[in-house]
Amino acid sequence: MTNHDPTSPGDARLPIPDRLTDAPRSGGMVVPYVTLSHRDRTRPVWGKMHAPATRRVWRHKLCQICGQPLTDWVVVYLRPVDYRRALALEPGMHPECAYYSASACPVLAGRIDRYHPDPDRHLALCGDRLCGCRIWQRVTDEPTELTGQPAEAWYEAWLPLSNYTIVTDHGNDTTPPTTGVDLRHVRLRRLRRIRDAAPGADEAMDLLAAIIVGRQLFGDPDDPQ
Ligand SMILES: [Zn+2]
Ligand SMILES: [Zn+2]
């Protein structure tokens, strides 16, 4: 999730992992690699993704927070609807970057119950003539289905890098084309719920919750330590 809201209390006090010590910051918070920002990276547009950076992250299997190559274990955040579609829409992360991101994101941390209401309100031009903000309207591609909606339940899962496969769903009349992590034939390790669904969110068919209950009953000896 890249919907950090720097006005949320406590964010800037989060310990920053070594991997992110050189990353740009805004208000004390790390600006994720895929977050749209002015040329001055300390001026992000929270809640908007930069399309070219996002494409690089998918194509080269980079971490969406630090932008470095993913290694042995990849952490993916997903919702029950993603699992039903077998496609996780959030690019993977290093475990330590994921932990930082989930703690900093007010939706994933459960501090707020709605997705960012209007990311466009920050799309103002800055004074830097070399800044890309003059063409942003053509290069942003954030999925807008979430804007302002009540947050669903979110889960964390780990995948070995060898199982981290990127696919593009070409969509149909009602679903736009989407790139994501292929969840078919993949065993989700260390699966846990990181936030509950907010009031009013779609809670139908939460198969991830059922998987967790099953593993609690029967154990899951394959989990990484
Ligand atoms: Zn700018
Ligand atoms: Zn990372």
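Biologist: Let's start with Glu 96: buried, partly exposed or exposed?
Modeller: Glu 96 comes out as partly exposed, at 32% relative accessibility. Buried means under 20% relative accessible area, exposed means over 50%, and partly exposed is in between, using a 1.4 Å probe and protein chains only.

Biologist: What sort of model is this, and how's the numbering done?
Modeller: It's a predicted model, where local features need pLDDT of at least 70 and side-chain atom pairs count only at pLDDT 80 or more, while totals for chains, interfaces and linings use all residues. Residues are numbered from 1 along each chain as its sequence is written, chains are lettered from A and ligands numbered from 1 in the order written, and side-chain values use heavy atoms, leaving out hydrogens and water.

Biologist: How many salt bridges does the structure hold?
Modeller: 10. Among them, Asp 128 pairs with Arg 39 at 2.8 Å, N to O. That pair spans 89 residues, from the loop between α3 and α4 (136-139) for Asp 128 to the loop between β3 (35-37) and β4 (44-49) for Arg 39. There's also a network linking Arg 79, Asp 82 and Glu 152.

Biologist: Switching to the metal: what coordinates the zinc ion (ligand 2)?
Modeller: Cys 63 (SG), Cys 66 (SG), His 94 (ND1) and Cys 97 (SG), at 2.1 to 2.4 Å. Donors are N, O and S atoms within 2.8 Å of the metal (3.2 Å for Na, K and Ca), and since water is not among the atoms, sites may look incomplete.

Biologist: What's the geometry of that zinc site?
Modeller: Tetrahedral, with angles of 96 to 118 degrees among the four donor atoms. Four donors get that label if all angles lie between 85 and 135 degrees. For reference, the ideal tetrahedral angle is 109.5 degrees.

Biologist: How are the donors spaced along the chain?
Modeller: As C-x2-C-x27-H-x2-C. Cys 63 sits in the loop between α1 (51-60) and β5 (73-78) and Cys 97 in helix α3 (residues 95-104), so that pair ties together parts 34 residues apart in sequence.

Biologist: Is Cys 63 buried or exposed?
Modeller: Buried, at 0% relative accessible area. Cys 97 is buried at 0% too.

Note on methods
Tetrahedral: all angles 85-135°; square planar, octahedral: opposite > 155°, others 65-115°. Helix = DSSP H or I, 4+ residues; strand = E, 2+ residues; numbered from the N terminus. Salt bridge = Lys/Arg side-chain N within 4 Å of Asp/Glu carboxyl O.
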